[in-house]
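I opened this model to look up its surface patch, its ring contacts and its strand pairing. My entries follow in that order.

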Amino acid sequence: MLPPGGAWGAPPPPPPRRPDPAADVTTGIFRSHWLIIPLQVLGVTLVFAALVGPILSQFGLAWVFVLAFAVVFGSLAYALPAWWYGSFGLREDHLVVHSGLFLRSSREIPLSRLQAVDVVRPLLMQVFGLAELRVELAGGDGSAIRLRCLRWRVAERLRAAVLAHAAGLPGRAPEAPEWPFYRLPFLLLLGALTFRVPVLLSFVLLLLLLTAFVVFLEPGALAGAVPLVLGLLRYYWGPLARYTDFYASSSSDGLRLRYGMFQRRMQTVPPGRVQAVRVVEPLLWRALGVARVEATMAGYAGARQADSTALLPVAPRGRAFALVNEVFPESEAALVPLVDNRGPLPHAVGVDERLFVSVRGILCRVTEIVPVERMQALRLSAGPVAQLRGRVTVDVDTPPGPVSARATDRNASEGRRFLDALVEHGRRARVPSAGTERWATRATMHGESLNSRDEGEKTEGSSGDTPET
């Protein structure tokens, strides 16, 4: 018997989907994932486990169990309400963060002062699908905001919303598209890290020490090999694990970098936050035609500055200077005319209306590039010996970082000309539209003002061409 009403037709509609809490992060209150509670309890328990030996020898096994019970439940009693009271959320264009249990703290951060935003995923967080969001702000080492143990999708959506607010757009604006710029081949990274004079010498010395131990059975050779192994782990294995699977892309939100073997990191540097750049070419790398690009970025301070300086760890030289032109738009660093100092140590500098370029070094050539609108201060200095020789040094001060640009050992009149040119170019470059806050709406307003000005000029021109009656 057939079912009535044509029940053999379309299948029943699927059940309604549960709303995804990560779909909209611009409203509501958010907390870290609940897994942070057992992780904190586990951390405190492991610290207690390191003290079990002295406690066992002094008080016995019964006290060990009593204290372990107190430590576990005491840390749980603290971690649970601390997790509940630790919340954050977006309020218009401000990020509001509440933290603390006994000493309550509430921070309200204007996102127009955002300097950089990173999504970091250590190996353990990758296993559980979690991430950490780091928001770097102008204000020094203590101004960074770290939102730990977020669901990965929530961290990604929150990063996009924070960047949208910082650009002056609504928080629900879709994430800006990106365009591939450079992907670092693993073999190039491996070869470049190996093809360095200190690393090669360390490898040779380590082999000599191991050979001496095998041939002469000298234990002192192994003792000498220990610092070499530690140094290689730091300066070879460390960069190899950090920059594996390195990928750089550009977008309207700035430069996006993704890298890391055990700790994945997505770093986003908004437009205008790069204060200065240097292109480093060690002696052996020049034979390979590759270079490293490092930057001084506003917002990063202390150890975070050292961990975030590399924009390109290894890249062909032409690609490195293409990135410099990308972070400093409407400029061409390779075409700035350079003037040599004619001294015992070669040092060439050049100035145009947008950039100050300095090239120094024999064994390791370093090209330092500073936009004239990012210069913090200019100084003309000369020591007693330099005064007798009629030589001066022009220092171009930038925020703390790897770049320290200067023009050394210059003729006094030449140094004065460099200083005057930098002052004049810097004065012209520092216009109201050169700020870094709300870059998307500023660009739109600037384009609208240019269009209105062009229309006004056309109107005036057409009225001027009209004959008088």
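**Entry 1: nonpolar patch**

I looked up which element gives the most to the nonpolar patch, and helix H8 (residues 219-243) does, with 5 residues. I note that the model is predicted, that local features need pLDDT of at least 70 and side-chain atom pairs pLDDT 80 or more, while totals for chains, interfaces and linings use all residues. Residues are numbered from 1 along each chain as its sequence is written, and side-chain values use heavy atoms, with hydrogens and water left out.

The patch covers about 640 Å² and is made by Leu 123, Val 226, Val 229, Leu 230, Leu 233, Trp 237 and Phe 262. Patch residues have over 30% relative accessible area and no salt bridge; nonpolar side chains (Val, Leu, Ile, Met, Phe, Trp, Tyr) are joined within 5 Å, like charges within 9 Å. A salt bridge is a side-chain nitrogen of Lys or Arg within 4 Å of a carboxyl oxygen of Asp or Glu. Areas come from the Shrake-Rupley method with a 1.4 Å probe, and for residues only the protein chains shown count as cover. Helices (H or I, at least four residues) and strands (E, at least two) are DSSP runs, numbered from the N terminus.

I found Phe 262 in the loop between strand E10 (254-259) and strand E11 (264-269). Phe 262 is partly exposed, at 40% relative accessible area (buried is under 20%, exposed over 50%, partly exposed in between; 1.4 Å probe, protein chains only).

**Entry 2: rings**

I searched the whole structure for aromatic pairs and got 9. Rings of Phe, Tyr and Trp (its six-membered ring) pair if their centres lie within 6.5 Å; planes under 30 degrees apart are stacked, over 60 edge-to-face, the rest tilted. Phe 30 and Phe 88 are stacked, 6.1 Å centre to centre with 25° between the planes. Phe 30 lies in strand E1 (residues 30-31) and Phe 88 in strand E2 (residues 87-91), so this pair ties together parts 58 residues apart in sequence. Phe 30 is buried at 13% relative accessible area, and Phe 88 is buried at 5%.

Tyr 243 and Phe 246 make an edge-to-face pair, 6.3 Å centre to centre with 70° between the planes. Both Tyr 243 and Phe 246 are buried. Ring pairs link Tyr 243, Phe 246 and Tyr 259 into a cluster.

I also checked charges over rings (NZ of Lys or CZ of Arg within 6 Å of the ring centre and within 35 degrees of the ring normal). Arg 31 lies over the face of Trp 84, 3.8 Å from the ring centre. The charged end of Arg 319 sits over the ring of Phe 181, 4.2 Å from its centre.

**Entry 3: strands**

I looked at strand E5 (residues 114-121): 8 of its 8 residues are buried, so E5 is largely enclosed by the rest of the structure. E5 pairs antiparallel with strand E6 (residues 130-137) over 6 bridges (two strands pair if DSSP finds at least two bridges between them). Leu 133 in E6 is the bridge partner of Val 119. E5 also pairs antiparallel with E11, over 5 bridges, and Asp 118 stands opposite Gln 267 in E11.

I then traced an open sheet of 7 strands, E14-E13-E12-E18-E17-E16-E15, with antiparallel pairing. Its edge strands, E14 and E15 (339-340), each pair on one side only. In strand E14 (residues 310-316), 6 of the 7 residues are buried, so E14 is largely enclosed by the rest of the structure. Strand E13 (residues 290-297) and E14 pair over 4 bridges; Val 293 stands opposite Leu 312.
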